[in-house]
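Try each one yourself before reading on.

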Amino acid sequence: MAMMRVESVPLRVRTSWLDGRPRVVEWGTERLPVLDVAAIRDETAAYRAETGPRTLFEVATPKARLAVAFGHRDRRWTLEAVDDAEPGS
């Protein structure tokens with residue numbers, strides 16, 4: 001199944017001190033540990049200067065695969081897409 005884009009939703013994400021990769025995604029009352037970081041996309045040149053750069057992470061959690069973005073200018077995490085297929089299928 002493919003990632004389904006969703007309206008950007010603010011998230012709390014805990015990251016690794018060493019490399020900045022997501023380790024835990026907090027979405028509302030859900031606390032989802034990150035099992036794997038499948039992809040990292042640096043979108044530094046993809047946005048105008050006033051929007052600012054961002055980095056997109058595709059992560060696997062026990063419940064779903066998520067695309068989460070970190071906006072460098074506003075230093076906020078947002079949920080961009082969800083794939084709720086069974087992990088590993």
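Predicted model: local features only at pLDDT ≥ 70, side-chain atom pairs only at ≥ 80, totals over all residues.

**Exercise 1.** Work out which secondary structure elements the protein has, and in what order.

*Solution.* Start with the count: there are zero helices and seven strands. Then walk along from the N terminus, and the order reads β-β-β-β-β-β-β.

**Exercise 2.** Describe the protein's surface and burial in numbers.

*Solution.* First, the accessible surface: it comes to about 6100 Å², with 52% of that belonging to carbon and sulfur atoms. Next, burial: 36% of the 89 residues count as buried. Finally, look at sequence separation: of the contacts between residues at least 6 apart, 38% join residues at least 24 apart.

**Exercise 3.** Locate glutamate 80 and decide whether it is buried or exposed.

*Solution.* Step two is the classification: the relative accessible area of glutamate 80 is 5%. The cut-off for buried is under 20%, so glutamate 80 counts as buried.

**Exercise 4.** Find what surrounds glutamate 80, and which side chains its own side chain pairs with through polar contacts.

*Solution.* Skip the neighbours within four places in sequence, and glutamate 80 is in contact with Met4, Arg5, Val6, Ser8, Arg54, Leu56, Ala67 and Ala69. Now check the polar pairs. The side chain of serine 8 makes a polar contact of 3.0 Å with that of glutamate 80. Threonine 78 also pairs side chain to side chain with glutamate 80, at 2.6 Å.

Note on methods
Residues numbered from 1 in each chain as written. Heavy atoms only, no water. Buried < 20%, exposed > 50% of the residue type's maximum accessible area, 1.4 Å probe, protein only. Polar contact = N/O pair within 3.5 Å; in protein donor to acceptor, adjacent residues only side chain to side chain. Contact = heavy atoms within 4.5 Å. Helix = DSSP H or I, 4+ residues; strand = E, 2+ residues; numbered from the N terminus. Areas by Shrake-Rupley, 256 points an atom, 1.4 Å probe, with all protein chains shown as cover.
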